[in-house]
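Please look at the sequence and the model first.

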Amino acid sequence: MTSIQKHLNKLRWISLSLVFIILILLPCLSVYQSFVAAHAYDLLSPSEKSFYEIMEWLTPFVSDPENELDMIKGTTWSASFFGIKLTDPLAIIGQLAAGLQIYWPFIMTGLIPVTLTIIFGRFFCGWICPATFLYELNTNLGVWLHSANLPIGKQHFDRRIKYLVLFFGLILSFFTGSVLVAAIYPPAIIGREIYYAIALGGFGVGSVFFILTLLFDLFVARRGFCRYFCPGGAVYSLLGRYRVFRINRNVSSCNDCKKCTAICEFELDPMRDNFGQECNNCSACIAICPTDALKFTMNCKDIASQGPGHLGHQYSEKNH
Amino acid sequence: MNIKKMNLIRIFFLTLFCSSAQGHHVLGRPSYSLNEDSTTPPSMQVEVQVGEYYITYMVFPAFPSPNQPGRVNLYASRIDNGEPFQGQVIFKVRDNNWLNKREEVLGIQAVDDNVFRQGFEFQEAGNYIIRAEFESDSESYQIDFPLRIGDASVFGPIGVTVSLIALLLITVNLLQRKKLINAKISPKYRYKDKSL
Amino acid sequence: MERRNFLQSLICAAVSLAAPLSTQAKVTKNKPRFRYLRPPGSLEENEFEARCIRCGQCAETCPNRCIKFFGTENGLSSYATPYITPREQACILCMKCGDACPTGAIKSIKRSAGTIVEQVKMGKARVDENLCLSYQGKSCGVCYRACPLQDVAITVGWMEQPHVQEACVGCGLCERSCIQIPQAIKIIPNYS
């Protein structure tokens with residue numbers, strides 16, 4: 001069991017990369033569809049023709065691209081997947097705040113994500129979010145800069161700021177009558193900006209905002225935006241508070257090596273059994289643990305602090 | 001004789017049915033005829049809604065370059081009833097940058113066939129701002145339009161930044177993958193030793 | 001692609017730079033803005049902004065790629081909401097965006113002439129007789145031929161002068177096709 005869990009982090013990277021590739025592919029397919037719909041092949045420029053051919057090659061079992069490729073549309077913010085519509089819970093809450101209207105067909109699109117979050121916690125943040133993909137690469141860039149003795153951000157703020165951001169975002173959405181949370185939510189921004197760049201010929205203002213968050217993460221606080229400001233992360237934290245699947249530490253096989261605490265993107269402290277609602281079940285700590293002390297268990301609450309690991313110095317000194 | 005007559009009748013009927021269809025291409029003057037100097041349509045058409053007016057702004061030729069005469073056309077029509085504006089428009093020009101605010105009057109144009117036309121010829125390539133000023137119903141209007149002389153760069157500043165950052169992230173992560181994990185868990189990088 | 005990008009940046013610059021000369025009181029009145037259309041079946045403007053979650057699926061399903069998105073140039077409350085500039089690319093009334101919209105900000109409307117005439121209200125075309133070639137005695141009729149609702153939304157006179165009827169839904173195909181610059185027929189949007 002543990003040996004499978006060891007590989008979950010690799011699986012997570014595959015999942016993140018796949019989501020990102022799909023986010024790039026969907027706008028390309030949308031452009032391809034518009035070419036097909038216009039019967040425009042003969043009118044395309046040489047570069048567009050080769051684009052058309054690549055897209056045709058990528059969709060070998062599609063006989064009627066104009067309609068069949070409509071099966072998968074959207075971004076992680078809101079998508080339609082073979083007739084099933086899925087929406088980010090933040091979009092639903094934001095829309096409720098903006099219009100104070102309940103439109104049931106839309107609310108139902110959040111049912112699956114909310115249920116999954118209640119069971120698996122913030123798995124969206126760790127396994128799907130396209131911003132997480134870039135932010136984690138950005139963290140590694142920070143490590144690289146640090147190893148070259150360049151200054152990187154090591155600030156700490158209060159984690160609860162993100163709940164305030166969520167609260168004021170919703171209040172502002174209400175007063176402006178417009179879903180403003182969508183404008184500062186990185187995964188929504190990335191989905192949009194990729195579409196703008198591919199189909200509409202240029203990045204928009206959202207990219208500027210996203211670059212600023214990258215710089216903030218690099219030079220102010222590691223993974224700062226996700227941990228302190230992301231309104232969507234706040235929603236997922238609240239929903240996933242009593243998640244069924246969570247990581248626990250088996251104190252008898254822990255040797256206090258602190259690698260899990262160092263690797264944790266969110267600077268949580270697995271070695272002190274300190275996960276809380278911020279843990280996004282990313283399983284990086286499981287992968288790095290040399291003694292297989294960390295693993296996923298089915299448990300609605302974190303185990304209270306169990307003290308030093310039994311294989312470590314502190315424990316052996318205390319008992320002998 | 002008979003055959004000739006038949007031909008004439010045939011031609012008569014042909015012209016009767018065909019003339020209207022051909023006429024579109026002959027009589028329907030193409031759009032860019034509003035500028036007699038240019039064989040291309042304008043590079044852009046900016047339409048703005050200000051106060052009582054829809055204002056359409058066009059630049060001829062399609063991509064004006066330095067030392068080449070060009071022209072700006074302006075057409076203003078009322079939003080409520082579509083009546084075109086008939087007064088006078090003052091055209092001014094300035095550089096599109098924050099430091100140099102010096103304005104130059106290009107000319108004052110009266111309406112001609114409902115359109116205001118202002119010629120220009122720039123020595124230097126660059127981004128300029130054309131300002132059109134006019135007064136209507138004792139209200140003054142002042143609208144700025146962009147004008148690009150010479151070739152524009154293909155990528156915008158945001159596009160360049162985004163691609164640079166993406167490239168940096170991917171190369172660093174791919175080339176230093178193993179090293180980074182070790183660096184991350186090394187004591188040197190750990191800065192959060194609050195617990196022990 | 002390059003030219004399009006160039007144009008877009010220029011248009012954005014035009015709007016952000018445009019500023020009225022007059023006194024304080026007239027500033028808000030003379031604030032420059034675009035003439036744009038919402039996708040077919042869109043709710044009334046305020047309700048639309050409250051309903052739309054900016055997911056962009058309408059544009060992604062649009063086979064004509066006519067739907068674009070606002071940046072900040074039309075105010076923060078319409079940031080990233082979809083719009084159509086008929087002169088650049090007009091709506092072909094395929095009604096796919098309504099089916100794609102998860103929030104009902106764009107209503108799902110059946111694709112038939114009857115329901116479209118009844119329920120789609122993007123705007124209404126207006127002919128500028130000073131510019132229209134047919135009104136100048138040069139029979140043109142391009143807008144009439146472009147109209148998807150010929151003889152219902154638009155009828156023509158003996159020199160093919162267009163007459164816009166009540167049934168016009170404002171798709172903008174006439175404006176897109178007009179060979180005059182500035183265009184002699186244009187859609188006056190419903191929200192203004």
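## Basis of the report

This is a predicted model, in which local features need pLDDT of at least 70 and side-chain atom pairs count only at pLDDT 80 or more, while totals for chains, interfaces and linings use all residues. Residues are numbered from 1 along each chain as its sequence is written, chains are lettered from A and ligands numbered from 1 in the order in which they are written, and side-chain values use heavy atoms, with hydrogens and water left out.

## Where chain A meets chain C

On chain A, 44 residues are in contact with 34 residues of chain C, contact meaning heavy atoms within 4.5 Å. Between them the two chains bury about 3100 Å², 52% of it on carbon and sulfur atoms; buried area is the accessible area (1.4 Å probe) that two parts lose on being put together, summed over both. Of the area that chain A buries against chain C, 17% is supplied by A:Lys85, A:Tyr195 and A:Leu200, more than by any other three residues.

## A salt bridge between the chains

Side chains of opposite charge can pair when their charged atoms come close. Chain A and chain C have one salt bridge between them, a term for a side-chain nitrogen of Lys or Arg within 4 Å of a carboxyl oxygen of Asp or Glu. The partners are C:Lys96 and A:Asp70, whose closest N and O atoms are 2.9 Å apart.

Over all chains, the structure holds 28 salt bridges. The pair that crosses between chains runs from C:Lys96, in helix α5 (residues 96-100) of chain C, to A:Asp70, in the loop between α4 and β1 of chain A; helices (H or I, at least four residues) and strands (E, at least two) are DSSP runs, numbered from the N terminus.

## Cavities

The structure holds 13 cavities of 30 Å³ or more, a cavity being a set of points, on a 1 Å grid over the protein atoms alone, where a 1.4 Å probe fits but cannot get out. The largest cavity has a volume of about 140 Å³, where volume is the space filled by probe spheres set on the points, which are joined across faces, edges and corners.

Its lining comprises 16 residues, of which A:Cys264, A:Leu268, A:Cys279, A:Asn280 and A:Cys282 lie nearest the centre of the largest cavity; lining residues have an atom within 4 Å of a point.

Methods
On a 1 Å grid over the protein atoms alone, a cavity is a set of points where a 1.4 Å probe fits but cannot get out, and a pocket is an open set with protein on both sides within 12 Å along at least five of seven lines; lining residues have an atom within 4 Å of a point.
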